[in-house]
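What follows is a walk through one protein model. Please have the sequence and the 3D view at hand.

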Amino acid sequence: MPLWGMFSQEKVVAVTVEAVQAALKGLVDPNTDVDFVTAKSVKNLRVENGDISLDIVLGYPAKSQFELIRKSVINALRALPEVKNVSVNVSTQIVAHSVQRGVKLLPGVKNIIAVASGKGGVGKSTTAVNIALALAAEGAQVGILDADIYGPSQPMMLGITGRPESLEENTIEPMEGHGLQASSIGFLIEEDAPMVWRGPMVTSALEQLLRQTRWRDLDYLIVDMPPGTGDIQLTLAQKVPVTGAVIVTTPQDIALLDARKGLKMFEKVAVPIIGIIENMSTYICPSCSHEEHIFGTGGGEKMCKEYGTDFLGALPLNLSIREQADAGRPTVAADPDSPISEIYKKIARRVAIRVATLSKDMSSKFPSIVVQNT
C-alpha cells in the first residue's frame, strides 16, 4: 500500500454564498435589532476563491456607526473556514415614503417629519432643530421649516440673519445655518413685528413658505409645528405632506394631557406617529451631580405603552441646551461630541429608522398618462 494511502485526505471545501448569507443572517444591526439579511441591507455580494466582497446599505443615516458595522461584518465573515479576504462597504440610501392620501408631494423633499407638541413651553423647537442637526451629522441632507408663524424661533436658534433671495418668480431660496436649509416667516419680517393674522392667513403663509421655498434634494424636512391642536394645526396636518410625526412632551401630567391631544390630531389625518420624546426628563445638579425628576417620572414611556408607539428617548433639563440655542449654535452644532449631543443623535437615528419601516412612496414609479384627442 502506497505511503500516501495510509493517511486520510480531507477535501477542502471553499466558502459558499449560502455560508456567507447564513453568517450575515446571524449578525444583528445594533441600531435596529434586525439582522442584515432580513433588513435587505446586503447588496452586491460576491464570493470567489475565498474572497468575499459586499455592500451594507442602510435605510437610515448613521455615518457615526459605519465603522462599527463594517468591523462587525468583517469579523463575522473572517470566522468562516477558507476565507482569505473580506471587503465590506457601508453606506446609506434614503428613499421617499408615502404621505396622507390626496396631499400634494413636495419637489426636492423625500420625507417630511413634523415635530409637534400639544402645548408650548416643552422645548419642541429646541428639540426639532437638534434632531435636524443630528440627522445632518449622520450624513443626511436636511432642512427645517419653522411653521410657527406667530412666534418663529428658528432664525435665532440657527444664528441666521438677512433676507432670502428670490432667483425665480414666486420662489425663495432657503437660508442656511450649520449645514441645514431653513425657511421661516422670521426671515421675511422684522424681529419685533407681531403677526396679527387670522387663521386662514396663517395657513396660507405657511403653505407658501413650504411650497415656494426651493428645497434642494432633502432626505428629511423637519417641520417645527406651532404648539397646540386648534384649527390651524389641524389644517396644517391635513395640507402638509407628512411622512410621520414626532410628539415632544415633558413628564409633567399637564404636558402629557396636551401631548395626547397632539397625537390624536395626527391620527385623525392618517399621519403615522413615529414616537414620543420626553424633554426635561431629569435635572442633574452641576455642583453635586444629584439627579432629580422635577416634572415627574416615566410619563413619556407610559404614554407610549398606552398608544402603542415608540419611546424615542429622554433629554435632560440642562442649562447649556438653552444657552447654546439662544446663542444661535444648538447643542449638536456647538458641542457635537458631548453626552447630550449623543442623546440627540440616538434619537435622530431612531426617528430615521422608524421612517425607514414605513410604506415607500411609489408615485414616482408610475408613468404619467396623457389623454389627447387625435
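Asn170 counts as exposed because its relative accessibility is 57%, where exposed means over 50% relative accessible area, buried under 20% and partly exposed in between, with a 1.4 Å probe and protein chains only. This residue sits in the loop between H4 and strand E6 (175-177). Asn170 is not a glycine, yet its phi is positive, at about 65 degrees. Glu82 is likewise a non-glycine residue with a positive phi of about 65 degrees. Its place is the loop between helix H2 (66-78) and strand E3 (85-92). Glu82 counts as partly exposed because its relative accessibility is 44%.

The model is predicted: local features need pLDDT of at least 70 and side-chain atom pairs count only at pLDDT 80 or more, while totals for chains, interfaces and linings use all residues. Residues are numbered from 1 along each chain as its sequence is written, and side-chain values use heavy atoms, with hydrogens and water left out.

Now the protein as a whole. Its secondary structure comes to 11 helices and 13 strands; these are DSSP runs numbered from the N terminus, with helices (H or I) of at least four residues and strands (E) of at least two. The C-alpha atoms fill a box of roughly 105 × 80 × 40 Å along the principal axes. Of the 374 residues, 47% count as buried. Among contacts (heavy atoms within 4.5 Å) between residues at least 6 apart in sequence, 75% join residues at least 24 apart.

Two helix pairs come next. The axes of H5 (residues 199-212) and H6 (residues 231-239) come within 10 Å and cross at roughly 30 degrees; axes are lines fitted to C-alpha atoms over the stretch in contact, and angles run from 0 to 180 degrees between N-to-C directions. On the H5 side the contact includes Val202 and Leu206, and on the H6 side it includes Ile232 and Leu236. H7 (residues 253-268) and H8 (residues 299-307) have axes that come within 11 Å and cross at roughly 35 degrees. H7 also passes H8 in a right-handed crossing. Among the residues in this contact are Leu256 and Leu263 of H7, with Met303 and Tyr307 of H8.

Last come the pockets. On a 1 Å grid over the protein atoms alone, a pocket is an open set of points where a 1.4 Å probe fits, with protein on both sides within 12 Å along at least five of seven lines, and lining residues have an atom within 4 Å of a point. The largest pocket has a volume of about 680 Å³, a volume being the space filled by probe spheres set on the points, which are joined across faces, edges and corners. Its lining has 31 residues, and Pro152, Ser153, Pro155, Met156 and Met157 lie nearest the centre. Helices H3 (124-137), H4 (154-157) and H9 (319-326) each give two or more residues to that lining, and H9 gives the most, with 5. The second largest pocket holds about 570 Å³ of space. It is lined by 19 residues, with Ala39, Ser41, Leu58, Gly59 and Ala356 nearest its centre. Strand E2 (51-58) and helix H11 (339-356) each give two or more residues to this second lining.

Methods
A crossing is left-handed if the near helix is turned anticlockwise from the far one by less than a right angle, and right-handed if clockwise.
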